Amino acid sequence: MDDRTLRARAHAGLVAHTRLLGAYAGELVEEHDWLACVVPHAPQSSILNCVVGVPDVQRAHTVYRQAGVEKWGVWLDSQDLVGARKLEDAGLILDSLPVVMGAELEALQLDDAPLTQPVDLGTLGAVNDRAYGYPDGRLERAIAALPSAAVDAHSIVEDEEPVAVTFILEVGDDASVGWVATLSHARRRGLAGGVLKGALKAAKGRGRTTTTLWASSMGAKVYERLGYRTLGHLHLWEMRP
């Protein structure tokens with residue numbers, strides 16, 4: 001499959017993740033060319049309070065301000081230079097450049113995937129909070145609000161504790177990956193790759209043909225080793241207090 005098609009699937013996954021979070025963890029605002037996830041319990045999180053598409057910045061700012069959200073973000077394709085200029089002119093700041101990645105599931109070596117265990121979404125969120133240093137439980141609260149049937153959640157358990165987690169959101173034929181996290185004491189042992197391989201093996205068994213995700217530059221190395229390839233970049237633009 002060509003990179004352009006995979007990149008389109010990655011974008012569809014981003015839209016689906018945003019729509020899911022907005023619908024269940026807070027409020028979903030859909031306009032003609034953009035949609036916004038509004039999560040008032042996390043007023044400083046531009047990851048949870050995020051827009052996909054180039055918004056009417058004044059309208060988006062009003063939506064978030066009325067919800068008590070102080071910091072929100074816009075996910076923008078790195079190739080959208082016109083959109084980037086509009087956001088910059090409106091006062092948003094470029095915060096990060098996640099890597100868009102994808103692969104055909106047939107191309108990945110999944111036969112050696114470790115045995116994973118189901119995990120409830122509250123626990124999956126709590127592991128992410130601990131892994132990424134959020135003491136306020138923002139991710140636990142948001143992810144726990146999602147319907148369990150909407151995603152396929154996996155974990156690797158050690159000493160009766162989930163130490164590595166992820167979930168798959170199926171978007172058409174694509175296994176869109178979300179919320180990969182490993183607790184600090186369990187890192188550098190390949191557990192993030194392991195739990196993801198287990199989740200992807202299950203998704204392949206259900207008939208999915210591709211997988212896509214977004215990663216930090218550091219995390220991208222983990223996924224490259226699994227067989228993902230870089231498709232481009234997203235830019236996260238933030239409106240800050």
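**Strands, a buried helix and a few close pairs**

A181 is buried at a relative accessible area of 2%, where buried means under 20% relative accessible area, exposed over 50% and partly exposed in between, with a 1.4 Å probe and protein chains only. The model is a predicted one, so local features need pLDDT of at least 70 and side-chain atom pairs count only at pLDDT 80 or more, while totals for chains, interfaces and linings use all residues. Residues are numbered from 1 along each chain as its sequence is written, and side-chain values use heavy atoms, with hydrogens and water left out.

A181 sits in strand 9; helices (H or I, at least four residues) and strands (E, at least two) are DSSP runs numbered from the N terminus. In sequence, A181 and A131 are 50 residues apart, yet their C-alpha atoms are 6.1 Å apart in space. Once neighbours within four places in sequence are set aside, A181 is in contact (heavy atoms within 4.5 Å) with V127, N128, A131, Y132, V163, A164 and V165.

Next comes strand 11, which covers residues 229-239. Eight of its 11 residues are buried, so strand 11 is largely enclosed by the rest of the structure. Which strands does strand 11 pair with in the antiparallel sense? Two strands count as paired if DSSP finds at least two bridges between them. Strand 4 (residues 72-77) pairs with strand 11 over six antiparallel bridges, and here W75 stands opposite L236. Strand 5 (residues 93-96) is another antiparallel partner of strand 11, over three bridges, with I93 bridged to E238. Strand 6 (residues 99-104) also runs antiparallel to strand 11, this time over four bridges, and V100 has G232 as its bridge partner.

Strand 6 also holds E104, which is buried with a relative accessible area of 18%. The E104 side chain reaches the backbone nitrogen of M1 at 2.9 Å; that is a polar contact, a pair of N or O atoms within 3.5 Å, where within protein one must be able to donate a hydrogen and the other to accept it, and residues adjacent in sequence count only if both atoms are side-chain atoms. Beyond its neighbours within four places in sequence, E104 touches M1, L6, T209, T210 and R229.

Now for helix 6, residues 191-205. The expected span of a helix is 1.5 Å times one less than its number of residues. For the 15 residues of helix 6 this gives 21 Å, and the end C-alpha atoms are 21 Å apart, which agrees. Is helix 6 largely enclosed or largely open? Of its 15 residues, 11 are buried, so helix 6 is largely enclosed by the rest of the structure. The buried ones are L191, A192, G193, G194, V195, L196, K197, G198, A199, L200 and A203. In general, an α-helix has 3.6 residues a turn, so residues three or four places apart point the same way. Among the elements that cover the buried residues of helix 6 are strand 7 (152-158), strand 8 (161-171), strand 9 (174-182), strand 10 (210-215) and helix 7 (217-226). After helix 6 comes G207, with a positive phi near 100 degrees.

Not counting residues up to four places away in sequence, K197 touches Q109, L110, D112, A113 and L226.

Searching the whole structure turns up two aromatic pairs. Rings of Phe, Tyr and Trp (its six-membered ring) pair if their centres lie within 6.5 Å; planes under 30 degrees apart count as stacked, over 60 as edge-to-face and the rest as tilted. Y64 and W72 form a stacked pair, 5.1 Å centre to centre with 15 degrees between the planes. Y64 counts as buried at 1% relative accessibility, and W72 does so at 0%. For Y223 and Y228, the ring centres are 5.9 Å apart and the planes lie at 70 degrees, so this pair is edge-to-face. Y223 and Y228 are both buried.

As for disulfides (cysteine sulfur atoms within 2.5 Å), the count comes to zero. The sulfur of C37 has its closest cysteine sulfur in C50, 5.2 Å away, which is too far for a bond. Both cysteines are buried, C37 with a relative accessible area of 0% and C50 with 2%.
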